[in-house]
Amino acid sequence: MIIDCHGHYTTAPTAHDAWRDAQKAAFKSGGDIDPAYPDISDDEIRETIEKNQLRLIKERGADLTIFSPRASTMAHHVGDEAVSKAWTRRCNDLIKRVVDLFPETFVGVCQLPQSPGVPVSHSIEELERCVTELGFVGCNLNPDPSGGHWTAPPLTDRAWYPFFEKMVELDVPAMVHVSGSCNANFHATGAHYINADTTAFMQFLEGDLFKDFPTLRFVIPHGGGAVPYHWGRYRGLADMLKRPPLREHVMKNVFFDTCVYHQPGIDLLFRVIDVDNILFGSEMVGAVRGVDPETGHFFDDTKRYIDALPIPQADKEKVFEKNARRVYPRLDAILRSQGR
């Protein structure tokens, strides 16, 4: 079985996006920030999925995608806490509808109603709702709700601890995932995303978070940002900062996906990072949608890069399936209930 750990609903119905536009306009004008939601039919949702994600899943040979709202439009820096809560709930409910329509192909992961300056503990209620009521298996956690200005404390700060306690209680992981950038210095997907991945890893290195939460689990997407490429730097920094070796200090709790869009990058990821810490992911249809002129294949067709690796089949099975079932135990339970 092939599980894609990183999928977003980037093709949501236009009426959903129109509701968001109306909400943002209402916030600016002092109107109702939770207006009536449009009547989106099941057929409309099916069309957006069947022509896009479902078609590509079948064409590229995957079986199931861990699916969440579009990351770039979480936009926690837009509006205020009430705006974010209303938008988040609409997004998560839409993901639930996709999962219900395609229960053997999609499993839900939730967006959180984070806002700059608002304690992350205010997001616990939505996490709990999504996990216990909607059947979701994890969440996307934004380490920078300010959208590129980094006003939040590091992930190792105790301000995050109430949320982490709930993650441990529910036994769900978080994918570290920022949203759009409102800082012109940082292109959203080309700089802000990779900066955040790398920054989160360095925060984990500097702190002692996993001493306090030994079962807490994070997926750092986009191949771990710059970390695998600079693995020697981080090993050296751990030594200089009197931290334990990375494999003991961080890598029992942190995992990277394979959203790396060329073969040399995947080759390096697998040479540097232990196979037990790598989960298959594609992020399609996502940040890089075009065809690579050097190969004639889509950049985000990441399965073919792993297929080409000269590693044992048992290792590929870990990356394609077993690691995801271990990191997302609620996913494993769902699959077992389906006889898979």
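Q: What is the expected span of a helix?
A: The expected span is 1.5 Å times one less than the number of residues. Helices here are DSSP runs of H or I with at least four residues, and strands are E runs of at least two, numbered from the N terminus. This is a predicted model, where local features need pLDDT of at least 70, side-chain atom pairs count only at pLDDT 80 or more, and totals for chains, interfaces and linings use all residues. Residues are numbered from 1 along each chain as its sequence is written, and side-chain values use heavy atoms, leaving out hydrogens and water.

Q: How far apart are the end C-alpha atoms of α7, and what span should its 19 residues have?
A: At 1.5 Å a residue, α7 should span 27 Å. That agrees with its end C-alpha atoms, which are 25 Å apart.

Q: In what order do the strands of the open five-stranded sheet run?
A: Two strands pair if DSSP finds at least two bridges between them. The edge strands, β4 (139-141) and β8 (278-279), each pair on one side only. With parallel pairing, the order is β4-β5-β6-β7-β8.

Q: Which residue of β7 stands opposite Val-219?
A: Strand β6 (residues 218-220) pairs with β7 (residues 254-257) in the parallel sense over three bridges. Opposite Val-219 stands Phe-255.

Q: Which strands does α7 touch as it packs on the sheet?
A: Contact means heavy atoms within 4.5 Å. Helix α7 (residues 188-206) touches β5 (174-176), β6 and β7.

Technical notes: Axes fitted to C-alpha atoms, helices over the stretch in contact; angles between N-to-C directions.
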